[in-house]
Amino acid sequence: MMKEEYHFFQIYYQKTFFLMLFVGMLVCLLVYLLGWRFEEFIQSTANQIAGSLEDSSGIMPTAFQDFLSIIKNNLMVGIMIITCGFIPFFGLPFLYGVTIFAAIGVIASFGTIMGFQIGKIMLISFVPHAVIEVIPICYSVAIGMYVNKNMVRKLFVRHKPTATINIVSLYALRSYLLVVVPFFLLAAFVEAYITQLLSEIFL
């Protein structure tokens with residue numbers, strides 16, 4: 001089944017996957033650089049967040065609870081990206097992916113502006129799992145765009161051959177279960193367990 005998926009990736013997903021990766025990195029870098037124009041706003045926002053955290057007296061969740069929460073959020077992101085493909089607005093899953101990379105740029109800019117210690121914390125707590133998450137995010141965009149192209153062609157470019165909605169949905173589901181879910185599981189494990197270990201060692 002993985003051979004079939006890889007073959008499907010080469011035919012239908014590969015170009016979109018690498019295009020999303022390239023454009024996403026550019027957007028991330030651009031947002032990171034633009035973040036320096038809002039240095040005062042970022043610092044004041046960070047102070048407000050720190051104050052609210054100090055005021056809260058909630059019980060810290062366990063690593064397993066973190067893992068469940070993270071994987072739930074990650075899987076929902078993948079589902080939402082792919083589901084966008086069923087809306088006959090061309091490029092919607094790609095735009096969704098761009099906003100995610102922009103958010104990564106904001107976080108990176110925040111860590112740098114807040115100084116060395118915050119930057120070090122961000123590097124250890126954010127980068128390891130973020131690097132892994134990039135793969136399923138780009139793959140979800142590729143799946144979503146595959147669905148999206150078929151939906152747009154079916155409705156607006158009827159002279160081009162398209163697969164049925166059922167077939168498209170089955171391929172999308174297979175790709176999601178075989179590739180997106182395992183990588184999101186790995187990213188959630190790294191964020192919940194490995195990141196905590198790195199923090200104890202280096203911070």
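## Ground rules

Because the model is predicted, local features need pLDDT of at least 70 and side-chain atom pairs count only at pLDDT 80 or more, while totals for chains, interfaces and linings use all residues. Residues are numbered from 1 along each chain as its sequence is written, and side-chain values use heavy atoms, with hydrogens and water left out.

## Overall fold

Let us begin with the whole chain. The protein has 7 helices and 0 strands, and its elements run α-α-α-α-α-α-α from the N terminus on. Helices (H or I, at least four residues) and strands (E, at least two) are DSSP runs, numbered from the N terminus.

Of the 203 residues of the protein, 37% count as buried. Buried here means under 20% relative accessible area, exposed means over 50%, and partly exposed lies in between (1.4 Å probe, protein chains only). Among contacts (heavy atoms within 4.5 Å) between residues at least 6 apart in sequence, 83% join residues at least 24 apart.

## The largest nonpolar core

In soluble globular proteins, nonpolar side chains tend to be buried together. A nonpolar core is taken as a set of buried Ala, Val, Leu, Ile, Met, Phe, Trp, Tyr and Cys residues joined through side-chain atoms within 4.5 Å. The largest one in this model has 41 residues, and those with the most contacts inside it are Tyr13, Met20, Phe101, Tyr139 and Ile143. At least two residues of this core come from each of helix H1 (2-34), helix H3 (63-84), helix H4 (92-113), helix H6 (127-156) and helix H7 (165-202). H6 gives the most to this core, with 12 residues.

Leaving aside neighbours within four places in sequence, Tyr139 is in contact with Glu5, Phe9, Tyr13, Phe17, Ser175, Val179 and Val180. Ser175 has its place in helix H7 and counts as buried at 0% relative accessibility. With neighbours within four places in sequence again left aside, Ser175 is in contact with Glu5, Tyr13, Tyr139, Ile143 and Val180.

Two packed helices are described by the angle between their axes and the distance between the axes. Axes are lines fitted to C-alpha atoms, for helices over the stretch in contact, and angles run from 0 to 180 degrees between N-to-C directions. Angles under 35 degrees count as roughly parallel, over 145 as roughly antiparallel, 65 to 115 as roughly perpendicular and the rest as oblique. The axes of H1 and H6 come within 8 Å and cross at roughly 110 degrees, so H1 and H6 are roughly perpendicular to each other. On the H1 side, the residues that meet H6 include Phe9, Tyr13 and Met20, and on the H6 side they include Tyr139, Ala142 and Ile143. The residues of this contact divide into 16 nonpolar, 1 polar and 2 charged. For this tally, Ala, Val, Leu, Ile, Met, Phe, Trp, Tyr, Cys and Pro count as nonpolar, Asp, Glu, Lys and Arg as charged, and the others, Gly among them, as polar.

H4 and H6 pack at an angle of about 160 degrees, with their axes 8 Å apart, which makes H4 roughly antiparallel to H6. Leu92, Pro93, Phe94, Gly97, Ile100 and Phe101 of H4 make the contact with Val134, Ile137, Cys138, Val141, Gly144, Met145 and Asn148 of H6. The residues of the H4 contact with H6 divide into 10 nonpolar, 3 polar and no charged.

## Along helix H3

Several residues of H3 are worth a visit. Ile81 is found in helix H3 and is buried, with a relative accessible area of 0%. Not counting residues up to four places away in sequence, Ile81 touches Pro93, Tyr96, Ile100, Ile137, Ser140, Val141 and Gly144. The C-alpha atoms of Ile81 and Phe94, 13 residues apart along the chain, are separated by 8.2 Å.

Asn74, also found in helix H3, counts as buried at 10% relative accessibility. The side chain of Asn74 makes a polar contact with the side chain of Glu133 (3.2 Å). A polar contact is a pair of N or O atoms within 3.5 Å; within protein, one must be able to donate a hydrogen and the other to accept it, and residues adjacent in sequence count only if both atoms are side-chain atoms. Asn73 lies in helix H3 and counts as partly exposed at 47% relative accessibility.
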